[in-house]
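Subject: Structure handover

Hello,

Could you load it before reading on?

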Amino acid sequence: MTQAEKTYGKVYLIGAGPGAVDLITVRGARILAQADVVLHDALVTADMLALCPQAEKISVGKRSGQRSTAQIAINQLLIDCAEKYKLIVRLKGGDPMLFGRADEELHALESHGIAVEIIPGITTAFAAAAATQQPLTKRGVARSIAFFTSATAPNQPDELTLPDCDTLIQYMGGREAIVTAQKLLEQGRSPALPVVVVENCSLKNQRIMRMTLHDLEQGLGDCEGPVLVMIGEAMAKRSTSKAE
């Protein structure tokens, strides 16, 4: 049978959200409950996987500093599963289209004529803003946001270039906190610039740390879970309007 004659199932790239099981979208949960097989990231929780008891589950997790499944192997596994199953889910933490390597997986599937649908998820930055009650934009203070990560593709330069925006959001920022702070200070940013760090966003062991850019330069040595770093004047602790 030629590739043109093969029949494939449909692949869904679904955003699992920031971690808490009830922050997946209704559509995402509905498709997950129908899946024949689920290829999931390392950060997808057991509670989330409990939404698809009927499905075969395959861990293809990638975590910083740990051994992980190579992206080329994940791509091939998606194709293999599409040959075998009718409904395939690629379950990704956060949103598939932000730091989720969706482009590589889409190219692999499209090259085989495999149908793909993308179901967005709540990205961690928005969940962290909600958890800390810190809007990422603020009238008269911050009207631009940049999402960035220090992670790079193999054989790509790892020199970090920071965008010039009012609010900076660094994904996977725990290990890179010192370098990020140093570069911002070199750019002339104030050592007193507010910083909010959220570890294990939306989970029971979530931790929120408020500090300054000077503090960030000292590092985040005791963080073990995934870390999001939010930097900018909009991160200054809000005064409440409650009566004394």
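**Surface patch and aromatic cluster**

Met172 sits in the loop between β7 and α6 (177–186); helices (H or I, at least four residues) and strands (E, at least two) are DSSP runs, numbered from the N terminus. This is a predicted model, in which local features need pLDDT of at least 70 and side-chain atom pairs count only at pLDDT 80 or more, while totals for chains, interfaces and linings use all residues. Residues are numbered from 1 along each chain as its sequence is written, and side-chain values use heavy atoms, with hydrogens and water left out.

Met172 has a relative accessible area of 46% and is therefore partly exposed (buried means under 20%, exposed over 50%, partly exposed in between; 1.4 Å probe, protein chains only). Together with Phe99, Phe126, Ile145 and Phe147, Met172 forms a nonpolar surface patch of about 440 Å² accessible area. Patches consist of residues with over 30% relative accessible area and no salt bridge, with nonpolar side chains (Val, Leu, Ile, Met, Phe, Trp, Tyr) joined within 5 Å and like charges within 9 Å. A salt bridge is a side-chain nitrogen of Lys or Arg within 4 Å of a carboxyl oxygen of Asp or Glu. Areas are from the Shrake-Rupley method with a 1.4 Å probe; for residues, only the protein chains shown count as cover.

Ring pairs also link Phe99, Phe126, Phe147 and Tyr171 into a cluster. Rings of Phe, Tyr and Trp (its six-membered ring) pair if their centres lie within 6.5 Å; planes under 30 degrees apart are stacked, over 60 edge-to-face, the rest tilted. The count is three aromatic pairs. Phe126 and Phe147 have ring centres 6.1 Å apart and planes at 70°, so they are edge-to-face. Because Phe126 is in helix α5 (residues 124–132) and Phe147 in strand β6 (residues 145–149), this pair ties together parts 21 residues apart in sequence. Phe126 is partly exposed at 47% relative accessibility, and Phe147 is partly exposed at 30%.

Phe147 and Tyr171 are also edge-to-face, with centres 6.0 Å apart and planes at 80°. This pair links strand β6 to strand β7 (residues 167–171), 24 residues apart. Tyr171 is buried at 9%.

**Sheet**

Five strands make an open parallel sheet, ordered β3-β2-β4-β1-β5; strands pair if DSSP finds at least two bridges between them. The edge strands, β3 (56–59) and β5 (116–119), each pair on one side only. Strand β2 (residues 37–40) is joined to β3 by four bridges, and His40 stands opposite Ser59 in β3.

Regards
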